[in-house]
Amino acid sequence: MTRFRKSVRPEEVKRELAPGQSPELLKALHLLDRTGKLHADSRRKLKQVNHLVRLLTPALDDMFERHPEPVIVDAAAGNAYLGFILYELFLALAGKGSMVAVEPRADLAERTAERATSLGYERLRVLCSSLSSAALPDRVHMLVALHACDTATDDALVTAIERGADHVAVVPCCQAEVAKQLSGKEDDADPALAPLWRHRWHRREFGAHLTNVIRSLVLEAYGYQVTVTELTGWEHSLKNELILGRRVHRENRRARRQLEDLLARIPFARPSIVRALKVG
Ligand SMILES: C[S@@+](CC[C@H](N)C(=O)[O-])C[C@H]1O[C@@H](n2cnc3c(N)ncnc32)[C@H](O)[C@@H]1O
């Protein structure tokens with residue numbers, strides 16, 4: 001942990017870069033300062049993004065192989081670090097495909113659009129919008145959502161499913177919705193299950209866990225093969241669960257039944273994704 005409190009001097013920054021990654025882009029994103037130094041917070045962010053990019057490489061290769069003009073969505077983009085880095089390492093290199101960053105905060109969306117223009121990233125555009133009302137193309141090929149707040153992760157998954165994304169990757173942020181739904185429901189619940197969320201701390205953890213289990217089952221029900229894994233070590237981020245989906249079927253009835261059974265056992269838990277897609 002102490003290692004990550006220190007900044008990295010310009011001559012040592014190379015070690016932190018992904019193959020093909022330029023210090024110029026990282027300076028434009030203010031991840032490196034003007035002197036080329038990498039400060040502790042930026043280093044953590046860069047570690048997460050580069051690690052995610054490494055894990056996504058097989059999916060990106062598959063997408064570029066199969067589609068002449070693939071569309072990638074950076075959902076709840078913030079400063080769109082992930083979108084810019086994917087653009088430099090994949091879209092710019094391939095000379096094809098486009099990136100759409102969706103971010104509702106006008107200041108962040110404007111800054112991202114300005115950066116894209118000054119970097120000459122013509123195929124990166126920004127939609128200043130929430131995900132549920134974003135004017136995205138009908139078909140997208142990959143959707144990524146790094147730390148999309150609370151139910152924005154559900155909106156990202158719904159967008160991916162509705163637009164037939166071949167690949168989806170989400171690293172959920174804190175989840176508070178289901179913990180609230182569970183609160184005060186101990187007496188109405190199956191007595192064998194109620195202790196799972198009786199204590200406030202357990203309710204928060206269980207609510208978040210249950211939400212991610214349901215999100216994964218929903219993806220499976222819509223024909224995605226799902227892998228759930230750790231993004232980086234806990235020392236880099238506490239929000240560390242990575243849900244990867246690759247569409248392999250039109251649907252999966254067994255997963256849908258499992259989802260319905262699970263929702264029936266805890267009927268008060270209805271995360272946003274379930275309501276939006278009317279599953280369960
Ligand atoms: C924790 S930040 C993560 C930003 C970026 N993905 C990253 O990892 O640096 C979460 C972002 O989600 C955006 N957001 C919140 N609700 C959203 C929604 N419904 N649709 C799209 N973006 C949303 C916020 O404005 C914020 O920029």
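This note comments on the ligand site and the cysteines of the structure shown above.

1. The structure is a predicted model, and the remarks below should be read on that basis.

2. The ligand is surrounded by 14 residues. Lys-45, Ala-76, Glu-103, Leu-131 and Leu-146 are the closest of them. Sorted by class, this shell comprises 8 nonpolar, 3 polar and 3 charged residues.

3. For Leu-146, a polar backbone atom lies 2.8 Å from a ligand nitrogen. For Ala-76, the corresponding distance between a polar backbone atom and a nitrogen atom of the ligand is 2.9 Å. For Leu-131, a backbone N or O atom is found 3.0 Å from a nitrogen atom of the ligand. Of the 600 Å² of accessible area that the ligand has on its own, the protein covers 78%.

4. As to the site itself, the ligand takes up the space of the second largest pocket.

5. A disulfide is a covalent bond between the sulfur atoms of two cysteines. A search of the whole structure returns 0 disulfides. Cys-174 has its closest cysteine sulfur in Cys-173, at 4.6 Å, and this is too far for a bond, because the two sulfur atoms would have to lie within 2.5 Å.

6. For Cys-128, the closest cysteine sulfur belongs to Cys-149; the two sulfurs are 14 Å apart, which is likewise too far for a bond. Cys-128 is classed as partly exposed, with a relative accessibility of 46%.

Key:
Residues are numbered from 1 along each chain as its sequence is written. This is a predicted model: local features need pLDDT of at least 70, side-chain atom pairs count only at pLDDT 80 or more; totals for chains, interfaces and linings use all residues. Side-chain values use heavy atoms; hydrogens and water are left out. A residue is near a molecule or strand if one of its heavy atoms lies within 4 Å of it. A polar contact is a pair of N or O atoms within 3.5 Å; within protein, one must be able to donate a hydrogen and the other to accept it, and residues adjacent in sequence count only if both atoms are side-chain atoms. Accessible areas come from the Shrake-Rupley method with a 1.4 Å probe; for residues, only the protein chains shown count as cover. On a 1 Å grid over the protein atoms alone, a cavity is a set of points where a 1.4 Å probe fits but cannot get out, and a pocket is an open set with protein on both sides within 12 Å along at least five of seven lines; lining residues have an atom within 4 Å of a point. A molecule sits in a cavity or pocket if more than half of its atoms lie within 2 Å of its grid points. Ala, Val, Leu, Ile, Met, Phe, Trp, Tyr, Cys and Pro count as nonpolar, Asp, Glu, Lys and Arg as charged, and the others, Gly among them, as polar. Buried means under 20% relative accessible area, exposed over 50%, partly exposed in between (1.4 Å probe, protein chains only).
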